[in-house]
Amino acid sequence: MRTRPLKVALLGCGVVGSEVARIMTTHADDLTARIGAPVELAGVAVRRPSKVREGIDPALVTTDATALLKRGDIDVVIEVIGGIEPARTLITTAFENGASVVSANKALLAQDGAALHAAAEAHGLDLYYEAAVAGAIPLVRPMRESLAGDKINRVMGIVNGTTNFILDKMDSTGAGYQEALDEATALGYAEADPTADVEGYDAAAKAAILAGIAFHTRVRLDDVYREGMTEVSASDFASAKRMGCTIKLLAILERAADGESVTARVHPAMIPLTHPLASVREAYNAVFVEAEAAGRLMFYGPGAGGSPTASAVLGDLVAVCRNKLAEATGPGESAYTQLPVSAMGEVVTRYHISLDVADKPGVLAQVATTFAEHGVSIDTVRQTGKDGEASLVVVTHRAPDAALSGTVEALRKLDTVRGVASIMRVEGE
Ligand code: NDP
Ligand code: HSE
């Protein structure tokens, strides 16, 4: 057992960082035994130094993160500040000064993962980020290492705790959107700017990271088709219930049947109540991974929150420290397949479309013809009429997204169609 401690710089001490520091302190003996050397918190960089931080020695707190990294004795940096800058520059500085990095920063990894991996490799150091996707759930390492000998063809899951919390509350208690978002924020689930959660950017960043790992290719945030959940309404939930479904914000990553391209998307979707993802409540996440040899795997657990996320950070800390002692590094980026990411128009799935139409003879036929003209086959139609107006709910068979967009565009031009109330994809069958 080495007695000289491995020195850790903690960048950020908010919801996640404070829990990382707490566990490092309370489990110090266990961590020492598991790593084979003591780990010492050598400094904590924050924005507001005067804030009282329970369990943190005030002498360790600094606002000068760069100086902390340049001290020359830091072995591992834990970055839990979030956002692009200064996190990106600080991680680069960490590598330049010989420290491996553990980060929970999905926004940065989705944007600059390739450059950061290259910097880690150039310096012979580790970049680990289990906490960046799906909170406490071991997912990055199993996909990167345990499934390294298999071929992943599809990943589908709930990867944002905040939006799952909101959708669950709206569905199960009838809570309003803002009320549920405020509760998720108070519980520490939401990003510093919750727009990242509700508009799907956070899930899209996680989707980009997972797609890169799953398909051994580079997928950036901009490659991921993204729709948030702010438009999901109580009437969408009522429609979903009538179909025996609920609504979840899903991330779906697929390898094309010919294996020559991939797709990556994040959007709300109806899923049957019988599907395992339908029972994922509150801020829990769940991810299905379909691999050629392994078959279907499901990963499930707390997707957000200080303590669960700190668990994933600490797991990475132990791995990175062990690598340091062994003078080795873990797996870096694997992007050898260089598969193109296809546009959303090529994705094939089912749709639930709700239309407000005139309630008169021939309207249904006109609507059905419009679907047929665009090659979209109808599965079911339900009409409810009142005072010369009707609500028409059409559920389609599987069709390319581009065909559905063309259908909707044409429907909007029909005099008898007063409006397209909602369009939602149907998944999970
Ligand atoms: P918080 O906003 O709670 O904490 C951010 C911390 O960073 C604060 O301690 C803040 O200091 C510090 N900070 C901000 N700017 C600077 C700066 N310029 N220099 C030094 N320190 C700075 O965020 P979270 O803990 O919630 O999230 C941190 C990261 O973890 C993000 O990347 C997030 O996406 C990710 N993550 C979060 C999860 C969660 O459930 N919250 C789950 C999974 C990942 P101060 O305290 O003084 O304000
Ligand atoms: N804001 C994120 C979420 C934190 O709600 O999932 C976990 O990554």
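How many residues does helix α12 have, and how far does it reach from its first C-alpha to its last? In this predicted model, helix α12 runs over residues 306-325, which gives it 20 residues. Its reach from the first C-alpha to the last is 28 Å, close to the 28 Å expected at 1.5 Å a residue. Beyond the helix, α12 is followed by E327, a residue with a positive phi near 50 degrees.

Confidence in the prediction can be described for the whole protein and for its elements. The protein has a mean pLDDT of 97, and 100% of its residues reach 70 or more. Among the elements, strand β4 (residues 76-79) has the highest mean pLDDT, at 99. Strand β14 (residues 378-386) has the lowest, with a mean of 91.

Attention now turns to ligand 1 and its surroundings. There are 23 residues around ligand 1, and those that come nearest are C13, R48, R53, E191 and G305. Sorted by class, this shell holds 11 nonpolar, 7 polar and 5 charged residues.

Oxygen atoms of ligand 1 take part in contacts with both backbone and side-chain atoms of the protein. On the backbone side, a polar atom of G14 lies 3.0 Å from an oxygen atom of the ligand, and a backbone N or O atom of V15 is 2.9 Å from an oxygen atom of ligand 1. From a side chain, an N or O atom of R47 is placed 2.9 Å from a ligand oxygen atom. Taken alone, ligand 1 exposes 890 Å², and the protein buries 86% of that area.

Key
Residues numbered from 1 in each chain as written. Chains lettered and ligands numbered in written order. Predicted model: local features only at pLDDT ≥ 70, side-chain atom pairs only at ≥ 80, totals over all residues. Heavy atoms only, no water. Helix = DSSP H or I, 4+ residues; strand = E, 2+ residues; numbered from the N terminus. Expected span 1.5 Å × (residues − 1). Near = heavy atom within 4 Å. Polar contact = N/O pair within 3.5 Å; in protein donor to acceptor, adjacent residues only side chain to side chain. Areas by Shrake-Rupley, 256 points an atom, 1.4 Å probe, with all protein chains shown as cover. Nonpolar A, V, L, I, M, F, W, Y, C, P; charged D, E, K, R; others polar. pLDDT = per-residue confidence, 0-100.
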